[in-house]
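This report describes a predicted model. Please consult the sequence and the three-dimensional view shown here before reading on.

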Amino acid sequence: LAERNGQMMSFVTIALGLSSGMPLLIVLVALFMFSQYLSDKYMLLRQCRQPPMYDMSMANTVLNTLPLAAVVHLAFAIWMYGYEGVVSEQYDWLTSTTSSGSFNLLDRIQKVACAPYVAGLV
């Protein structure tokens, strides 16, 4: 159970972090978690004798890790949607200059497509 919990947390964290650029990851992680549920249910009901005793430390670790995953998701979304080639510039009323190809965090944050994610970080 502890290994499965670690696997699920890593998959969920990676999927949340990268789902802004690849939304299909959310569906894939949901399918993975459903297959793990079915597998664990079968093993618990048909194969295992007595499950090991766990305390609340695993659940607390998950609860403490998920907010960090949400922050990583928002930061990656700002990075992804701040790139001028992802979202059309005709709706970008906050900036009037175009990027010269160099990285400028302020230019990426000021994109209209990033506004909900910046508000989520604040």
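Phe11 has a relative accessible area of 38% and is therefore partly exposed, a class that lies between buried (under 20% relative accessible area) and exposed (over 50%), with a 1.4 Å probe and protein chains only. The model is predicted: local features need pLDDT of at least 70 and side-chain atom pairs count only at pLDDT 80 or more, whereas totals for chains, interfaces and linings use all residues. Numbering starts from 1 along each chain as its sequence is written, and side-chain values use heavy atoms, with hydrogens and water left out.

The structure holds two aromatic pairs. One of them is formed by Phe11 and Phe32, edge-to-face, at 4.4 Å centre to centre and with 70° between the planes. For such a pair, the ring centres of Phe, Tyr or Trp (its six-membered ring) must lie within 6.5 Å; planes under 30 degrees apart count as stacked, over 60 as edge-to-face and the rest as tilted. The pair links distant parts of the chain, with Phe11 in helix H1 and Phe32 in helix H2. The C-alpha atoms of these two residues, 21 residues apart along the chain, are separated by 8.8 Å. Leaving aside neighbours within four places in sequence, Phe32 is in contact (heavy atoms within 4.5 Å) with Met8 and Phe11.

Helix H2 also carries Leu31 and Tyr42. Together with Leu24, Val27 and Leu28, Leu31 makes a nonpolar surface patch of about 390 Å². Patches of this kind consist of residues with over 30% relative accessible area and no salt bridge, nonpolar side chains (Val, Leu, Ile, Met, Phe, Trp, Tyr) being joined within 5 Å; a salt bridge places a side-chain nitrogen of Lys or Arg within 4 Å of a carboxyl oxygen of Asp or Glu. The side chains of Tyr42 and Gln47 are joined by a polar contact of 3.1 Å. A polar contact is a pair of N or O atoms within 3.5 Å; within protein, one must be able to donate a hydrogen and the other to accept it, and residues adjacent in sequence count only if both atoms are side-chain atoms.

| Residue | Relative accessibility | Class |
|---|---|---|
| Ser19 | 9% | buried |
| Met80 | 24% | partly exposed |
| Tyr42 | 45% | partly exposed |
| Leu31 | 53% | exposed |

Ser19 is placed in the loop between helix H1 (2–18) and helix H2 (24–47). A polar atom of the Ser19 side chain lies 3.4 Å from the backbone oxygen of Leu16. Not counting residues up to four places away in sequence, Ser19 touches Ile26 and His73. Met80 belongs to helix H3 (residues 57–81); the C-alpha atoms of Met80 and Gly21, 59 residues apart along the chain, are separated by 6.3 Å.

Turning to the whole chain, there are five helices and zero strands, where helices (H or I, at least four residues) and strands (E, at least two) are DSSP runs numbered from the N terminus. Of the 122 residues, 18% are buried. Among contacts with a separation of 6 or more, 70% come from residues 24 or more positions apart. The chain exposes about 8900 Å², 67% of it supplied by carbon and sulfur atoms; accessible areas come from the Shrake-Rupley method with a 1.4 Å probe, and for residues only the protein chains shown count as cover.

How values were computed:
Patch = residues over 30% accessible without salt bridge, like charges linked within 9 Å, V, L, I, M, F, W, Y side chains within 5 Å.
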